[in-house]
Amino acid sequence: MMSAQLQQQQQKQQQDQQQQQQKQQKQQQHQLSQQQLHQSLPSRTGSGPVSANASIAPGAAGSRFPGAPATSNTQQPASFGQLRNRAGESQSPYVRAHAQTPVAWQLLNADTLKRAQAENKPIFMHIGFLADHHCRLTTQDSFSNNAVAAFLNSSFIPVIIDREERPDLDTIYQNYSEAVNATGGWPLNLFLTPDLYPIFGGTYWPGPGTEHSLAAARGGAGGVGGGAATPEASSINGGGEESYNDFLAIAKKIHKFWVEQEERCRREAFEMLHKLQDFAQEGTFGGTPAEPVPVAAPVAAADVEAGADLDLDQLDEALDRIFNMFDPVDCGFGTPKFPNPARLSFLLRLAQFPREVRDVVGDKEVENAASMARSTLRRIRDGGLRDHVGAGFMRFSVTSDWSMPHFEKMVGENALLLGVYLDAWLGRVQSSAAETRLSLEDEFADVVIDLADYLTSPLIQSSGGGFVTSEAADSFYRKGDRHMREGAYYLWTRREFDDVVGPAGSAELAAAYWNVLEDGNIPRDQDPHDEFINQNVLCSVWGRDIQALSKQFGIPVNDVKKMIAKARERLRAHREQERPRPARDEKVVVGVNGMVISALARTAAVVRDLDKTKSQRYLEAAQQAAAFIKENLWVQDGAQSRKVLKRFWFNQPSDTRAFADDYAFLIEGLLDLYEATLEVKWLVWAKELQDVQSELFYDTPAVGSTPSLRNSYTGGFYSTEEATLSHTILRLKSGMDKSQPSTNAVSASNLFRLGTILDEKPLIRQAIETINAFEAEILQYPWLFVSLLAGVVTLRLGVRETHVKVEQTASLRQYWKTPKAGATALLLGAGTRE
């Protein structure tokens with residue numbers, strides 16, 4: 001039956017060959033447009049990578065950006081008054097932390113834009129987040145500098161943005177930074193016209209007179225990174241008679257350019273945003289609007305006439321490219337090294353997909369993919385990203401060998417890693433036995449437990465039940481210190497390490513295990529300003545080879561394990577007693593909480609038979625977080641009859657409404673919570689959320705409708721609602737995976753699962769339309785859209801259904817222990833709990 005259906009689909013594809021050729025011609029036109037864009041922009045190097053994928057997935061050539069640059073208005077209305085620092089009025093902890101700086105920060109709202117336009121001043125926009133080292137450094141060295149503050153206040157309208165509060169703005173201007181600088185990251189510092197067109201932007205710029213700026217002036221690693229939309233602005237980093245090596249010098253150059261050549265500045269900034277609009281039309285290039293996809297059956301996507309050219313071949317193409325990108329020495333991809341949970345999950349999923357995928361990709365290739373993922377997970381587990389004394393992982397490694405981290409811990413990314421390590425554990429055991437028999441001694445099981453314990457600790461889960469956002473990279477080394485240091489909570493000198501661990505024999509063995517050296521283990525080229533002299537990042541260079549360590553020291557294996565465990569306990573106790581903990585960003589963000597709920601619910605179900613106490617704690621933590629969000633952030637939408645989500649909680653619900661990713665990750669978490677508890681209330685709420693997400697963000701295909709900048713009528717979910725503060729805030733669709741799976745991939749999976757469980761055809765139709773919206777991009781760059789490729793498998797081969805009754809505990813346990821693959825649905829015969 002399945003083969004006959006596939007044959008029919010292939011025949012239809014042949015009949016539609018002419019349509020496909022037309023699409024290919026459009027793609028070629030788009031490629032030419034992209035090449036022209038790159039040729040027109042200066043290549044710059046920034047600092048502070050934004051994600052695992054530095055390149056922007058190109059979209060189609062979209063509609064021309066309407067309107068024209070605003071003309072000058074030099075009138076000075078008296079109603080605005082003097083600029084004052086309004087950061088304390090923000091609901092964001094990061095923004096509020098700037099309330100005592102001398103910069104007259106404004107919040108981004110209609111009044112701020114009116115003032116900028118009335119006073120004809122460019123906007124300086126700073127986008128950052130609380131956990132980041134370079135964001136704190138910028139605040140300390142530039143925004144607390146009176147000369148910098150005075151110039152920003154007199155020459156610009158300073159605006160500050162928390163990227164976790166406004167991910168939409170961050171994405172738009174990261175796209176700009178990546179286009180003109182070839183990189184992005186945080187902090188993101190931007191000079192914009194009064195109507196938000198980009199003039200110049202970059203990442204970290206040293207404060208005037210600091211060691212970093214002096215190093216830049218000498219031609220060293222000062223960290224200056226920036227790019228411009230105009231030749232004059234781009235000369236800031238281009239040498240010449242003057243040198244611009246610090247924040248203040250750059251700001252003065254931009255102001256001079258604006259004063260002397262405002263008309264040209266506006267025109268070229270307008271053209272840049274026009275190009276970005278064309279460049280970032282991801283998900284709007286799927287062709288002209290078509291009739292809604294017909295659905296022949298409510299629960300099996302394989303019975304749906306998809307009307308798309310996507311097929312399993314794209315998985316093979318993506319894997320070939322990923323093979324070529326893989327680092328065979330240190331594992332992972334590129335430098336700097338990001339964990340990239342979405343890509344690792346894809347590599348593991350290939351072995352769990354239906355047999356048809358192996359027939360296309362090949363058995364050997366599937367096994368090699370899983371091996372790549374597992375070897376990378378081992379390097380992450382043993383390397384510098386892991387907090388070997390406590391728990392959790394840092395955001396990324398600046399070195400290829402995973403040894404030197406950026407020290408911030410992001411809660412959402414730790415939740416995603418928990419899911420990947422869980423699948424690696426389950427897949428490893430499942431591949432070696434007909435029945436999945438788990439043990440806490442299995443490889444990766446310890447990482448799963450450590451991560452789940454970390455996420456459910458009082459440090460990460462607030463007293464109200466929600467999960468916080470992050471732990472900062474910087475902290476004080478000792479109580480009473482006046483200056484923060486990067487990584488201070490995690491670094492050790494050999495002397496301090498030996499003193500804490502104790503007896504010489506134990507210290508020597510533990511130092512060998514974690515590569516703690518007398519002169520420190522941080523590479524010299526990673527310490528240009530001598531900030532890490534004699535410091536050590538704990539890295540388990542021995543991996544799991546305790547046997548070799550035992551042989552070298554002549555100590556029995558069991559004694560070696562005990563000595564390492566004891567050393568860890570002593571280091572942890574000393575750290576907790578003597579060192580101030582890094583600051584937490586205590587925002588409870590909906591999307592982050594959805595990721596944690598999903599990971600904990602799955603983990604709780606898996607370890608139910610192995611450790612009932614931990615399982616219960618994980619499940620209760622997930623339920624408490626879901627209940628907290630429903631009670632506090634699921635609110636009435638004004639006079640509307642519906643409810644909507646707010647983006648985050650920090651002492652109160654945020655004014656900022658939730659984005660599409662918040663809905664997507666929360667719905668996924670609730671579906672996993674429903675399957676772990678069998679409580680139907682989570683399923684009901686997931687469906688309510690899905691209805692609202694579709695109403696607010698879905699780009700419904702419509703025959704005969706004229707595409708616009710706010711609606712392309714091609715399917716898929718926009719990241720933002722249609723209403724906007726300014727037309728320059730582009731409305732984008734997320735299809736490419738970065739530090740987290742794309743919103744549309746998660747949404748498509750949710751729709752497949754809900755449509756199958758609830759037997760609702762329109763939901764499955766919407767899932768297929770969502771995947772088809774990114775058809776052109778997936779066909780051209782499949783390795784950048786691996787989470788959507790899992791949706792392609794479901795589109796072609798159907799939702800994997802498991803029919804059980806509540807009393808069939810063995811079947812339920814086996815379902816819980818099955819690693820992730822395509823969309824799955826647990827269909828209960830009877831007995832679901834209220």
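I began with strands E17 (residues 800–804) and E18, which pair in the parallel sense over five bridges. The model I am reading is predicted.

How many residues of strand E18 are buried? I found five of the five, residues 824–828, so E18 is largely enclosed by the rest of the structure. I checked its two sides separately. Thr824, Leu826 and Leu828 are buried on one side, and Ala825 and Leu827 are buried on the other.

**Whole chain**

I looked up the totals next. The chain has 30 helices and 18 strands. Of its 834 residues, 61% count as buried. I also took the contacts with a separation of 6 or more: residues 24 or more positions apart account for 72% of them.

**Helix H20**

I turned to H20, residues 546–553, and listed its buried residues: Ile546, Leu549 and Ser550. Down the helix axis these fall within an arc of 100°, so they line one face of H20. What does the face of H20 turned away from its buried side carry? There I found the exposed residues Gln547, Lys551 and Gln552.

I asked which helices the buried residues of H20 pack against. They are H19 (504–514) and H21 (557–578). Glycine 554 follows H20, and its phi is positive, near 65°.

**Rings**

I counted 26 aromatic pairs. I opened the pair of phenylalanine 129 and tryptophan 186: the ring centres are 5.5 Å apart and the planes stand at 90°, so I logged the pair as edge-to-face. Phenylalanine 129 lies in the loop between strand E1 (123–128) and helix H5 (133–143), and tryptophan 186 in the loop between helix H7 (167–181) and strand E3 (188–192), so the pair ties together parts that are 57 residues apart in sequence. Both phenylalanine 129 and tryptophan 186 are buried.

Then I looked for charges over rings. The charged end of arginine 163 sits over the ring of tryptophan 186, 4.1 Å from its centre. Arginine 608 lies over the face of tryptophan 816, at 4.4 Å from the ring centre.

**Backbone**

Tryptophan 186 came up again here: its peptide bond to proline 187 is cis, with omega near 0°. I placed proline 187 in the loop between H7 and E3. Threonine 335 to proline 336 is cis too, with omega near 5°. Proline 336 is in the loop between helix H12 (313–325) and helix H13 (341–349).

I noted these entries with a rule in mind: most residues other than glycine have a negative phi, and most peptide bonds are trans. Asparagine 120 has a positive phi, near 55°. I found asparagine 120 in the loop between helix H4 (110–119) and E1. Is asparagine 120 buried or exposed? Its relative accessibility is 11%, so asparagine 120 counts as buried.

Tyrosine 713 has a positive phi of about 60°. I found tyrosine 713 in the loop between helix H25 (680–697) and helix H26 (743–758). With a relative accessible area of 22%, tyrosine 713 is partly exposed.

Key: Residues numbered from 1 in each chain as written. Predicted model: local features only at pLDDT ≥ 70, side-chain atom pairs only at ≥ 80, totals over all residues. Heavy atoms only, no water. Buried < 20%, exposed > 50% of the residue type's maximum accessible area, 1.4 Å probe, protein only. Helix = DSSP H or I, 4+ residues; strand = E, 2+ residues; numbered from the N terminus. Arc of directions from axis to C-beta. Contact = heavy atoms within 4.5 Å. Pairing = 2+ DSSP bridges. Phe/Tyr/Trp six-rings, centres within 6.5 Å; stacked < 30°, edge-to-face > 60°. Lys NZ or Arg CZ within 6 Å of the ring centre and 35° of its normal.
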